[in-house]
Amino acid sequence: AQSVTQLGSHVSVSEGALVLLRCNYSSSVPPYLFWYVQYPNQGLQLLLKYTSAATLVKGINGFEAEFKKSETSFHLTKPSAHMSDAAEYFCAVSEGGVGQGGKLIFGQGTELSVKP
Amino acid sequence: ETGVTQSPTHLIKTRGQQVTLRCSSQSGHNTVSWYQQALGQGPQFIFQYYREEENGRGNFPPRFSGLQFPNYSSELNVNALELDDSALYLCASSITGGNEQFFGPGTRLTVL
């Protein structure tokens with residue numbers, strides 16, 4: 001069975017500092033991996049996805065993530081944090097192609113705070 | 001292009017009642033998935049609908065049921081509401097074989 005573990009339920013950084021949100025996955029098949037962001041009282045917005053193409057994936061708002069099979073990791077980074085990045089971030093793995101019973105399995109989430 | 005919409009935005013029910021939540025999928029999307037997100041938790045998969053039939057289900061009891069209509073919109077029905085059913089319910093739509101699910105804003109259900 002697939003699973004996702006996000007290390008750190010809360011991360012705090014200063015504006016302009018590096019953002020690093022950690023995600024480790026467990027999967028018996030080549031995984032499809034995702035990072036979503038959730039702002040207060042809103043749904044989920046896709047930041048980026050890994051679907052077995054390039055291991056370094058670039059997303060929206062300056063975020064990127066690197067797929068490391070040997071470490072079973074898919075950490076999310078951003079070189080310089082902005083106040084507007086404060087939100088909840090979720091890492092997710094898909095069981096398979098959507099439409100093939102490909103449900104998303106989410107981690108517990110990491111709340112990112114950005115200090116001025 | 002219209003995104004995923006959900007109604008109502010908020011809902012308050014009492015224990016034992018029944019509730020219906022609605023979702024309109026994004027244009028061109030034929031698959032709808034429902035997730036429950038309890039406070040402070042990640043979303044949990046409830047079930048998915050494809051071609052008007054359930055296509056995968058998570059660890060939720062039968063009192064959680066759904067429908068998908070010919071226009072691909074969907075309903076989530078919950079019977080005999082319990083306090084623990086209080087959560088944000090998210091609907092996501094996608095295309096067959098696609099890897100990306102597009103989420104709606106959610107319905108906040110409070111059970112008193």
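Residues are numbered from 1 along each chain as its sequence is written, and chains are lettered from A, with ligands numbered from 1, in the order in which they are written. Because the model is predicted, local features need pLDDT of at least 70 and side-chain atom pairs count only at pLDDT 80 or more, while totals for chains, interfaces and linings use all residues; side-chain values use heavy atoms, with hydrogens and water left out.

In chain A, five strands make up an open antiparallel sheet in the order S1-S3-S8-S7-S6. Helices (H or I, at least four residues) and strands (E, at least two) are DSSP runs numbered from the N terminus, and two strands pair if DSSP finds at least two bridges between them. Strand S1 (3-7) and strand S6 (56-58) of chain A stand at the edges with a single partner strand each, so one side of each has no neighbour in the sheet. From one strand to the next, the twist averages 20° (axes are lines fitted to C-alpha atoms, for helices over the stretch in contact, and angles run from 0 to 180 degrees between N-to-C directions). Strand S3 (residues 19-26) and strand S8 (residues 73-78) of chain A are joined by four bridges in the antiparallel sense; A:Leu20 has A:Thr77 in S8(A) as its bridge partner.

Chain B has an open antiparallel sheet of four strands, in the order S1-S3-S8-S7. Its edge strands, S1 (5-7) and S7 (64-68) of chain B, each pair on one side only, and the twist averages 20° from one strand to the next. Five bridges link S7(B) to S8(B), again in the antiparallel sense, and B:Ser65 is bridged to B:Asn77 in S8(B).

Strand S4 (residues 31-37) of chain B is mostly covered, with seven of its seven residues buried (under 20% relative accessible area; exposed is over 50% and partly exposed in between, with a 1.4 Å probe and protein chains only). B:Thr31, B:Ser33, B:Tyr35 and B:Gln37 point one way from S4(B), and B:Val32, B:Trp34 and B:Gln36 the other way. S4(B) pairs antiparallel with strand S5 (residues 44-50) of chain B over six bridges and with S9(B) over seven bridges. B:Val32 has B:Tyr49 as its bridge partner in S5(B) and stands opposite B:Ser93 in S9(B). The hairpin of S4(B) and S5(B) has six residues between the strands, and B:Gly40 there takes a positive phi near 80°.

B:Leu83 lies in the loop between strand S8 (74-78) and strand S9 (87-94) of chain B and is partly exposed at 44% relative accessibility. Leaving aside neighbours within four places in sequence, B:Leu83 is in contact with B:Arg15, B:Val111 and B:Leu112, contact meaning heavy atoms within 4.5 Å.

Chains A and B bury about 1800 Å² between them, 51% of it on carbon and sulfur atoms; buried area is the accessible area (1.4 Å probe) that two parts lose on being put together, summed over both. The contact takes 22 residues from chain A and 24 residues from chain B. One salt bridge is counted between the chains, a salt bridge being a side-chain nitrogen of Lys or Arg within 4 Å of a carboxyl oxygen of Asp or Glu. A:Lys49 forms a salt bridge with B:Glu100, with the closest N and O atoms 3.1 Å apart. Strands S4 (32-38), S5 (44-50) and S10 (104-106) of chain A each supply at least two residues of the side of chain A that touches chain B, and the largest share, four residues, comes from S4(A).
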